[in-house]
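Open the model in your viewer and get ready to select residues. Each stop below gives you something to pick and something to look for.

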Amino acid sequence: QVQLVESGGGLGQAGGSLRLSCVASGRRFSNYIMGWFRQAPGKQREFVAAINWNGGSADYLDSVKGRFTISRDTAKNTVYLQMNSLKPEDTAVYYCAARYYTREYEFWGQGTQVTVSS
């Protein structure tokens with residue numbers, strides 16, 4: 001079975017940085033798109049960033065462009081989200097997700113809490 005396990009969450013300070021990791025297992029992820037989503041208290045889950053496993057092209061939520069960078073290490077089956085210039089508004093549970101390029105997101109991690117102090 002596909003498993004996505006996030007780590008790296010915790011408490012960050014405004015203006016600081018955190019790096020999230022997502023270890024993917026269970027199948028080859030060629031032709032997959034890997035994404036990061038987040039859900040803040042009382043809000044709907046929103047898309048943050050995604051990356052093509054094969055080519056590395058990436059897409060971002062407008063509010064994180066220039067601050068967050070998604071990347072992947074294919075040898076380690078790991079996806080990263082480097083979060084710089086953190087803001088309190090970034091506080092949320094962050095989820096790693098995966099989809100085959102023709103399908104919807106269907107595989108999800110358990111989530112990791114990111115809290116940014118003001």
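Select Thr112 and show its surroundings. Leave out residues up to four places away in sequence, and Thr112 touches Glu6, Ser7, Gly8, Gly9, Leu20, Ala92, Val93 and Tyr94. This is a predicted model. Thr112 is part of strand β11, which covers residues 112-117. Is Thr112 buried or exposed? Its relative accessibility is 10%, so Thr112 counts as buried. Now zoom in on Gly9. Its backbone nitrogen lies 3.3 Å from a polar atom of the Thr112 side chain.

**Next stop: Val93**

Pick Val93, one of the residues that Thr112 touches. Val93 sits in strand β9. Which residues does Val93 touch, not counting those up to four places away in sequence? They are Phe37, Arg38, Gln39, Gly111, Thr112 and Gln113. Val93 and Asp73 are 20 residues apart along the chain, and their C-alpha atoms are separated by 23 Å.

Compare that with another pair. Select Pro41 and Thr91. These two are 50 residues apart along the chain, and 8.7 Å separates their C-alpha atoms. Pro41 belongs to the loop between β4 and β5. Its relative accessibility is 74%, so Pro41 counts as exposed.

**Zoom out: the whole chain**

Switch to a cartoon view. How many helices and strands does the chain have? There are zero helices and eleven strands. Along the principal axes, the C-alpha atoms fill a box of roughly 40 × 25 × 25 Å. A compact globule with 118 residues would have a radius of gyration near 13 Å, and the chain agrees, with 13 Å. Of the 118 residues, 42% are buried. Look at contacts between residues at least 6 apart in sequence: 53% of them join residues at least 24 apart.

**Into the core**

In soluble globular proteins, nonpolar side chains tend to be buried together. Look for that here. The largest nonpolar core has 30 residues. Select Leu4, Met34, Trp36, Leu81, Met83 and Tyr94, the residues with the most contacts inside this core. Then colour the elements that give two or more residues to it: β3 (18-25), β4, β5 (46-52), β7 (68-73), β8 (78-83), β9 and β11.

Stay with Leu81. What does Leu81 touch, not counting residues up to four places away in sequence? The list is Leu18, Arg19, Leu20, Trp36, Val48, Ala49, Phe68, Thr69, Ile70 and Tyr94.

**The aromatic rings**

Show the side chains of the aromatic residues. The structure holds eight aromatic pairs. Start with Phe29 and Tyr32. Their ring centres are 5.3 Å apart and their planes meet at 75°, so this pair is edge-to-face. Both Phe29 and Tyr32 are buried.

Move to Phe37 and Tyr105. This pair is also edge-to-face, with 4.9 Å centre to centre and 80° between the planes. Phe37 lies in strand β4 (residues 32-39), while Tyr105 lies in the loop between β9 (92-100) and β10 (107-108). The pair therefore ties together parts that are 68 residues apart in sequence. Phe37 has a relative accessibility of 10%, so Phe37 counts as buried.

Now select a group. Phe29, Tyr32, Trp53, Tyr100 and Tyr101 form one aromatic cluster.

**Charges over rings**

Find Arg45 and Trp108. The charged end of Arg45 sits over the ring of Trp108, 3.9 Å from the ring centre. Then go to Arg99. Arg99 lies over the face of Tyr105, at 5.2 Å from the centre of that ring.

**Last stop: two backbone angles**

Select Asn77 in the loop between β7 and β8. Its phi is near 50°, a positive value in a residue other than glycine. Asn77 counts as partly exposed, because its relative accessibility is 24%.

Finish at Ser85, in the loop between β8 and β9. What is the phi of Ser85? Its value is near 50°, again positive in a residue other than glycine. Ser85 has a relative accessible area of 40% and is partly exposed.

Key: Residues numbered from 1 in each chain as written. Predicted model: local features only at pLDDT ≥ 70, side-chain atom pairs only at ≥ 80, totals over all residues. Heavy atoms only, no water. Phe/Tyr/Trp six-rings, centres within 6.5 Å; stacked < 30°, edge-to-face > 60°. Buried < 20%, exposed > 50% of the residue type's maximum accessible area, 1.4 Å probe, protein only. Helix = DSSP H or I, 4+ residues; strand = E, 2+ residues; numbered from the N terminus. Lys NZ or Arg CZ within 6 Å of the ring centre and 35° of its normal. Polar contact = N/O pair within 3.5 Å; in protein donor to acceptor, adjacent residues only side chain to side chain. Contact = heavy atoms within 4.5 Å. Core = buried A, V, L, I, M, F, W, Y, C linked by side-chain atoms within 4.5 Å. Rg over C-alpha atoms; globule rule 2.2 N^0.38 Å.
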